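Look at the structure below together with its sequence.

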Amino acid sequence: IHGLCHSHYRPNRPHKTKEFPLNRASQPCDYYAEQSENGPLTEKEAIYCELLVLRCRRGQKDALEEVVRTWEQRLFYYVRRLVGDEQEAWQILQDTWLKVLRGIGGLREPRNLPAWLYGIARNTAFSHLRARHAEERLITSQADAADARQTGPDLEFEDVECVQYGL
């Protein structure tokens, strides 16, 4: 999967997608992920997505490559908007493709392939953001604890005297 993502699309190069005559305005059916301005998937687009999923389930390598080729650019832009960093977006997209590879056999409604792909990408990005946020909090708390140990308490002579009197 790693080679598929980076070899087919780079943000600074135009991405060529295979055009399918079954789709509205010669756009790949990923354009209509859940609902678009033009409405839900047409029957032909839904059938195309369903057949693509069935080919993936049968183990056809070219079918998975077609899924990656068809949805990679849009998923990349979607994830990049969520995380704000290109390198993180590529890593999340790699994780997304691995989850897709493992889970495509369990997709209940193959016609919902676009929505399923975007859902996996969204959930993977959010998990990544939660982990990053937790890591940043841990680093901050460790830095605060280290600062507290280095500076130690600022005690004046009077404070020490009060402590001794209390003992």
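Among contacts in the chain between residues at least 6 apart in sequence, 62% join residues at least 24 apart. The model in which these contacts are counted is a predicted one. The chain contains 6 helices and 0 strands, and from the N terminus on its elements run α-α-α-α-α-α. Of its 167 residues, 33% count as buried.

How are two packed helices described? The description uses the angle between their axes and the distance between the axes. Helix 2 covers residues 43–57 and helix 3 covers residues 61–83; the two pack at an angle of about 135°, with their axes 7 Å apart. An angle over 145 degrees would count as roughly antiparallel, and 65 to 115 as roughly perpendicular. Helix 2 and helix 3 are therefore oblique to each other. The crossing in which helix 2 passes helix 3 is left-handed. On the side of helix 2, the contact is made by Y48, C49, L52, R55 and C56, and on the side of helix 3 by D62, A63, L64, E66, V67, T70 and W71. Sorted by kind, the residues of this contact are 8 nonpolar, 1 polar and 3 charged.

One residue of this contact can be followed further. L52 is found in helix 2. Is L52 buried or exposed? Its relative accessibility is 1%, so L52 counts as buried. Leaving aside neighbours within four places in sequence, L52 is in contact with A63, E66, V67, W71 and L113. The C-alpha atoms of L52 and D62 are separated by 9.8 Å, and these two residues are 10 apart along the chain.

The next pair is helix 3 and helix 4. These helices pack at an angle of about 140°, with their axes 9 Å apart. That angle makes helix 3 oblique to helix 4. Here helix 3 passes helix 4 in a right-handed crossing. Helix 3 contributes L64, V67, V68, W71, E72, L75, F76, V79, R80 and V83 to the contact, and helix 4 contributes E86, E88, A89, W90, I92, L93, W97 and L101. The residues of the contact of helix 3 with helix 4 divide into 14 nonpolar, no polar and 4 charged.

Aromatic rings come next. A pair of such rings is described by the distance of the centres and the angle of the planes. The count for this model comes to 3 aromatic pairs. One of them is formed by F76 and W90, with 4.3 Å centre to centre and 25° between the planes, and this pair is stacked. F76 lies in helix 3 and W90 in helix 4 (residues 86–103), so the pair ties together parts that are 14 residues apart in sequence. F76 is buried, with a relative accessible area of 0%, and W90 is buried too, at 4%.

The rings of Y78 and Y118 have their centres 5.3 Å apart and their planes at 75°, so this pair is edge-to-face. Y78 lies in helix 3 and Y118 in helix 5 (residues 113–151), so the pair ties together parts that are 40 residues apart in sequence. Y78 has a relative accessible area of 19% and is buried; residues count as buried under 20%. Y118 is buried as well, with a relative accessible area of 11%. Which residues form an aromatic cluster? F76, Y77 and W90 form one.

Two further residues complete the walk. T96 has its place in helix 4 and, at 0% relative accessibility, counts as buried. Not counting residues up to four places away in sequence, T96 touches I120, A121 and T124. S127 has its place in helix 5. With a relative accessible area of 34%, S127 is partly exposed. The C-alpha atoms of S127 and I92 are separated by 9.5 Å, although the two residues are 35 apart along the chain.

Definitions and conventions:
Residues are numbered from 1 along each chain as its sequence is written. This is a predicted model: local features need pLDDT of at least 70, side-chain atom pairs count only at pLDDT 80 or more; totals for chains, interfaces and linings use all residues. Side-chain values use heavy atoms; hydrogens and water are left out. Axes are lines fitted to C-alpha atoms, for helices over the stretch in contact, and angles run from 0 to 180 degrees between N-to-C directions. Helices (H or I, at least four residues) and strands (E, at least two) are DSSP runs, numbered from the N terminus. Angles under 35 degrees count as roughly parallel, over 145 as roughly antiparallel, 65 to 115 as roughly perpendicular and the rest as oblique. A crossing is left-handed if the near helix is turned anticlockwise from the far one by less than a right angle, and right-handed if clockwise. Contact means heavy atoms within 4.5 Å. Ala, Val, Leu, Ile, Met, Phe, Trp, Tyr, Cys and Pro count as nonpolar, Asp, Glu, Lys and Arg as charged, and the others, Gly among them, as polar. Rings of Phe, Tyr and Trp (its six-membered ring) pair if their centres lie within 6.5 Å; planes under 30 degrees apart count as stacked, over 60 as edge-to-face and the rest as tilted. Buried means under 20% relative accessible area, exposed over 50%, partly exposed in between (1.4 Å probe, protein chains only).
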